[in-house]
10 protein chains.
Amino acid sequence: MTERNKQTEGLTLLGNKKTEYIFDYDPDLLESFDNVNTHRDYFVKFNFPEFTSLCPITNQPDFATIYISYVPDKLMVESKSLKLYLFSFRNHGDFHEDCMNKIADDLIKLMDPKYLEVWGKFTPRGGISIDPYVNYGKKGTKWEEVAFNRLANHDMYPEKIDNR
Amino acid sequence: MTERNKQTEGLTLLGNKKTEYIFDYDPDLLESFDNVNTHRDYFVKFNFPEFTSLCPITNQPDFATIYISYVPDKLMVESKSLKLYLFSFRNHGDFHEDCMNKIADDLIKLMDPKYLEVWGKFTPRGGISIDPYVNYGKKGTKWEEVAFNRLANHDMYPEKIDNR
Amino acid sequence: MTERNKQTEGLTLLGNKKTEYIFDYDPDLLESFDNVNTHRDYFVKFNFPEFTSLCPITNQPDFATIYISYVPDKLMVESKSLKLYLFSFRNHGDFHEDCMNKIADDLIKLMDPKYLEVWGKFTPRGGISIDPYVNYGKKGTKWEEVAFNRLANHDMYPEKIDNR
Amino acid sequence: MTERNKQTEGLTLLGNKKTEYIFDYDPDLLESFDNVNTHRDYFVKFNFPEFTSLCPITNQPDFATIYISYVPDKLMVESKSLKLYLFSFRNHGDFHEDCMNKIADDLIKLMDPKYLEVWGKFTPRGGISIDPYVNYGKKGTKWEEVAFNRLANHDMYPEKIDNR
Amino acid sequence: MTERNKQTEGLTLLGNKKTEYIFDYDPDLLESFDNVNTHRDYFVKFNFPEFTSLCPITNQPDFATIYISYVPDKLMVESKSLKLYLFSFRNHGDFHEDCMNKIADDLIKLMDPKYLEVWGKFTPRGGISIDPYVNYGKKGTKWEEVAFNRLANHDMYPEKIDNR
Amino acid sequence: MTERNKQTEGLTLLGNKKTEYIFDYDPDLLESFDNVNTHRDYFVKFNFPEFTSLCPITNQPDFATIYISYVPDKLMVESKSLKLYLFSFRNHGDFHEDCMNKIADDLIKLMDPKYLEVWGKFTPRGGISIDPYVNYGKKGTKWEEVAFNRLANHDMYPEKIDNR
Amino acid sequence: MTERNKQTEGLTLLGNKKTEYIFDYDPDLLESFDNVNTHRDYFVKFNFPEFTSLCPITNQPDFATIYISYVPDKLMVESKSLKLYLFSFRNHGDFHEDCMNKIADDLIKLMDPKYLEVWGKFTPRGGISIDPYVNYGKKGTKWEEVAFNRLANHDMYPEKIDNR
Amino acid sequence: MTERNKQTEGLTLLGNKKTEYIFDYDPDLLESFDNVNTHRDYFVKFNFPEFTSLCPITNQPDFATIYISYVPDKLMVESKSLKLYLFSFRNHGDFHEDCMNKIADDLIKLMDPKYLEVWGKFTPRGGISIDPYVNYGKKGTKWEEVAFNRLANHDMYPEKIDNR
Amino acid sequence: MTERNKQTEGLTLLGNKKTEYIFDYDPDLLESFDNVNTHRDYFVKFNFPEFTSLCPITNQPDFATIYISYVPDKLMVESKSLKLYLFSFRNHGDFHEDCMNKIADDLIKLMDPKYLEVWGKFTPRGGISIDPYVNYGKKGTKWEEVAFNRLANHDMYPEKIDNR
Amino acid sequence: MTERNKQTEGLTLLGNKKTEYIFDYDPDLLESFDNVNTHRDYFVKFNFPEFTSLCPITNQPDFATIYISYVPDKLMVESKSLKLYLFSFRNHGDFHEDCMNKIADDLIKLMDPKYLEVWGKFTPRGGISIDPYVNYGKKGTKWEEVAFNRLANHDMYPEKIDNR
Ligand SMILES: [Ca+2]
Ligand SMILES: [Ca+2]
Ligand SMILES: [Ca+2]
Ligand SMILES: [Ca+2]
Ligand SMILES: [Ca+2]
Ligand SMILES: [Ca+2]
Ligand SMILES: [Ca+2]
Ligand SMILES: [Ca+2]
Ligand SMILES: [Ca+2]
Ligand SMILES: [Ca+2]
Ligand SMILES: [Ca+2]
Ligand SMILES: [Ca+2]
Ligand SMILES: [Ca+2]
Ligand SMILES: [Ca+2]
Ligand SMILES: [Ca+2]
Ligand SMILES: [Ca+2]
């Protein structure tokens, strides 16, 4: 039985069971599976326009679209578990920058990827909006330098924002 | 008779015969022809917004737009055969990342190109969408380094996604 | 002291007090104030891209952009109270269509407007998305006919949707 | 027990059971539930960019985005069942116009709605694309006239198409 | 054998035979088939961004996107034959307005439709571009009035043009 | 000397003098001139994306794009004076709806137009934005009915808002 | 010899001769030709994003995109002559509204059309921009009523303007 | 008590107190807080489309969208204080370039960041608009070189501007 | 007499003579003129959305938008001659990739430029479209390396394609 | 008195005096002022969508949007004088490439900047449009290399052009 087959079994169970939605930050929701395409490095990106958390000061809901990209090493994050994890910020109070750092930290811990980045684009409060961008390259590999280069060249063409 | 003329004969037959559509993954559908512009390196890109496969766990149809770019060496992929090959995923169950890796592997095997990349942009399930990106540069040529550089600088400006 | 002045006093208090965010559906959050421009009929529209509720079957979070338009009679809805009311659906389970009908019913009860409409545009689940549209014209006035005409001519040019 | 409660029970079961995907046209997949907002007429629109069927002549896959809008009478179509029904055209051969008429006929039969319309926007073949639009108003009601008026004023501003 | 079945036979032949491209205006290229959905009136629109003809004065190529919409009576135009017919203007010299009138005349003659419209949007020459719009409603039916109403309300929101 | 010539004299002076900017609401800044095209009714629209005022409760700056359209009778509003008038709201505290009503009232008083409308589209506060729309038709003329019809059919296609 | 043939002769000459560009308003530049499609009423629209004139007060250049639509009676305006006519405003000083009225007057005098409209969309000065819209329907025909209806329903969805 | 907790206390007070809006340039409005994610370098971007100041020569209001990005060292700028600071330019007269340099200088002084950039995109006056871009990298660190590289590669794809 | 003046004489003749349109591939249509700005290297780009040729297998018309950019050495290509040359592919049968290579070869032969690139973006056939990109840098100059670098970094952000 | 103050005096005079518009190319219209932010290098960009000149062969008006970016050394160009200078091409006959080179030469002479670039994007003639791009870096500084690098990487993503 190949790696993929063994892992597919587990995912079949996942396909059957009824999903529970947790609305309090819980990194244990994240699940990984084996990367079966280890003969090359490649990127996987997740688009998640349904991120919401609470402002830790005022308790007002915050909203963001989050883009997560990574280059897997041996493990990958299962997309449904990632969704459940991101939904778990729903009633959790945290600053924008801390949420993005936390997501990066949790995914690094889960997958030990070669490279990873998390970009949050929040809706405005009082006319101003905040977009934190966090990235990571595995220490001692060429991806460490890649991470710095991507950071150094980050977002030189900001999208046009008019709050409408 | 030049390379191109000989090959055009074959393609004339292709133009005449009735097309059969295979809906089960079949890399034998791919056909190559000779690159007659070997005096320079150049890019060819295919845009294919009609990719569909099945989720191997739930059997639910998946949909993606796929972009394939390559720098030919001696062979090129015939576009109609490429279309038929991509349509052959229609009733085939596979993960997003595996589909993209498989397409890259099959085209590398067919053409032995100098460079190749495959980017799939899937529609969301449960609010989250996945975009795998795979590339390749021929070992021992400068395109190996090109491939790493393109991977290292991949998608620093993710397109705006709102699931609508 | 004019109508507006008296009402401004109240709103000044509102400006001072710390806002509490309620995440369980509560129509009592809605507050009205007097329409001081009663010499003409006019429209007010609210754009609210931060609506979220829960699916009553699966408990999965739902997301929508909501557009609310109305022609006031004697009362108007205060915008901050409307925001708090809309945020109160956050942990409330309800169907898309029922949410839109409920919002319309609550605003009609609050303001007794001449005309009102509520349009929700939800993000997709499983590849399909739902956009309910509800409207109302005060019985026995010309706005009753306006409401029917607007319903009869609703959305003849659906926005382009590709789930990305 | 109210109408809605009884019906929610059934839907809870639906939430639990494993979905089967049928890829041969099957109108029995459609399920209805009671409209609990019968105190007003309102619109519900479904956006479905993942429609695919087969050309009955060449067997080539066809792709379309489908927009379905209706005004319910006593029954409504359940969105997940609608999705499964639309996916059932996957390996079914039919002309563009016939698909749209069939979808309209099946939904009219299921729900007996006051008004319904179906608009398909297909991708091009050989440089030309086809967009059929079908609608219906219940005979003997004012919605019969609405249907004609909407047809008579259909799509006076065609979207810009350049096949890219 | 139903209408559709008989006609499908003919179209199967069409599917097999090798297409010949005629580049001199030839209305005989148009082919019709039976409308099998005569239980309702509905619209079919064709989008054709690949129209080209020649200027009858200067012989310079002209380019346009053409939108054709119609409500069938008993006959419909076969889309591939329509494509071939439109391609037949390729080396034909004619004014923009005359091309659009000719296309309308030919399709009316072919199908005797209830309603038909043809809108051409040409690229500029010398900084100015021309968009003729032609329509038709069958005399003695309500579609005659529809045609006038659509003409009277034509294009009140011209698309933004900057020649780039 | 014609109407236009006399009036051009005055405007020449205006062209010479140094402009003073008043930042406290002042309707006396508005200036009119004669409509010399009285042989027909026509529309003039002003686009003004630089409107700003203060919230009367919190003193926070508000921002809007304002669209003003009118059909002149004997007088027209001079565009530079309109700009100065709109800039005079800069340090003036007023509600969104009251600003739009005030602008309409002042322009009606200045020009006694056949028809006039004012549409403000404000930026969001706390995730919600407000767009008031006010219009007017001269009593006892057909423009009174036009005004009602335009109000009754106002904004049936709200622009897509995502607060970014 | 048909109408069209006779007229084509003249246009052939036009095709040969060297064009002279006049930069001082000159309505004599306009040339007409016969409408050979008199069996139906139809629209012709011209898009002209290259209009420029001078401010009569300050002499500063003004810029606009002009949209001209008409329903011909017996005569049509030749597009190249229209371009030359519109270019003749280049060094001519006139107000925005007067330019649009003048263009309408000149084209009505030239062609005696059933219907005609002229819409100018100017670039801003000092943050404000002006868009005059002028139309005309032949007196004593149904197009007189059409003209009023189009005016009464003009531009209910102003394009989004942010001066960038 | 962690850094973050101590700082959150202060911010809670901020959440309670009534905001005062200062409209005369005041860098003391800026407040910082501790960066708790010092284990990595990351970007934070602020989008502020509501910037307005006065022309120091003519006193005419100027409008801009401002994008501020930085890589924090030990301190970060509190977003509400940044908003108040940016609003304090409201009645302050200064040139576009000087405003952008001043904002950069003030934020560098406040936070001593590793990297910072400020990009202002102003609305046009007399048909021309100005977009200053200012950046900074901490002397003696690799961010000094990053700053030069970002400057050297700044804005090679200017956004399309047509002043509408 | 300067270079430019001598050359302007010739172009004046060109301005007078009647243009002949050749629809069979003819590189002799290309004409060059002297680069008078040899004190610097600079780019010239041509945008040509009106390219059409024939498929060499099926004879079906192909359509593309072509972008040509180059850095001149001593000669430049005259734009009208380039247009005539590109129009000469109209009735010529050739593959997409071969057309782009041929255009590059012909322009290199004509001008001997420092750098040149040709990018064709074709419309789809059967759901798939092809975009060849060809470039060239003069051997033995720094532009040879530039050409490789531009090729190596070509099109890392493919435009969104949905065939509509 | 600081540099800035002295220079502001002069600009105050400029603010008062009546502007004269010159329509014959005149580089003497350009005026400079001191750069007061010499503690850093920064970019200033001008957007000018209102450029028009005459074709030197046919006398036909040409239109372009021009983007000018520069890094100042000791002097800056005053924006109103730049506008007047650009307007001075109005009745001047010159080729597209020569206009862009001339503007660059004049601004370099005026300001002696560290870096400067000029990009013109013209509207099409006969279906083809031309976009020259010219840049400059001060000899013997690092900006000389920057200029080459920006040229070498110029416009690798041409904007989509369809001449509409
Ligand atoms: Ca806000
Ligand atoms: Ca926006
Ligand atoms: Ca989903
Ligand atoms: Ca989207
Ligand atoms: Ca989905
Ligand atoms: Ca979309
Ligand atoms: Ca196709
Ligand atoms: Ca398109
Ligand atoms: Ca355009
Ligand atoms: Ca365009
Ligand atoms: Ca938006
Ligand atoms: Ca301006
Ligand atoms: Ca704009
Ligand atoms: Ca614009
Ligand atoms: Ca598209
Ligand atoms: Ca042209």
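How many residues does the contact take from chain G and from chain J? In this predicted model, 22 residues from chain G and 22 residues from chain J take part in the contact. The size of an interface is often given as the accessible area lost when the parts come together; for chain G and chain J, the area buried between them is about 1,800 Å², of which 47% lies on carbon and sulfur atoms. On the side of chain G, the residues that lose the most area to chain J are G:Glu50, G:Phe63 and G:Arg90, which together account for 32% of what that side buries.

One salt bridge joins J:Glu50 to G:Arg125, with 2.6 Å between the closest N and O atoms. Strand E2 (42-54), strand E3 (61-71) and helix H2 (79-87) of chain G each contribute at least two residues to the side that touches chain J, and E2(G) gives the most, with 5 residues. By residue class, this side of chain G divides into 7 nonpolar, 9 polar and 6 charged residues.

A calcium site involves chains A and F. The calcium ion (ligand 2) is coordinated at 2.2 to 2.8 Å by A:Asp162 (OD), A:Arg164 (O) and F:Arg164 (O). The pair formed by A:Asp162 and F:Arg164 crosses between chains, each residue lying in the segment after helix H4 (142-152) of its own chain. F:Arg164 is buried, because its relative accessible area of 8% falls under the 20% limit. A:Arg164, in turn, bridges the calcium ion (ligand 2) and the calcium ion (ligand 11), which are 3.2 Å apart.

Technical notes:
Residues numbered from 1 in each chain as written. Chains lettered and ligands numbered in written order. Predicted model: local features only at pLDDT ≥ 70, side-chain atom pairs only at ≥ 80, totals over all residues. Heavy atoms only, no water. Donors = N, O, S within 2.8 Å, 3.2 Å for Na, K, Ca; no water. Helix = DSSP H or I, 4+ residues; strand = E, 2+ residues; numbered from the N terminus. Buried < 20%, exposed > 50% of the residue type's maximum accessible area, 1.4 Å probe, protein only. Contact = heavy atoms within 4.5 Å. Buried area = accessible area lost by both parts, 1.4 Å probe. Salt bridge = Lys/Arg side-chain N within 4 Å of Asp/Glu carboxyl O. Nonpolar A, V, L, I, M, F, W, Y, C, P; charged D, E, K, R; others polar.
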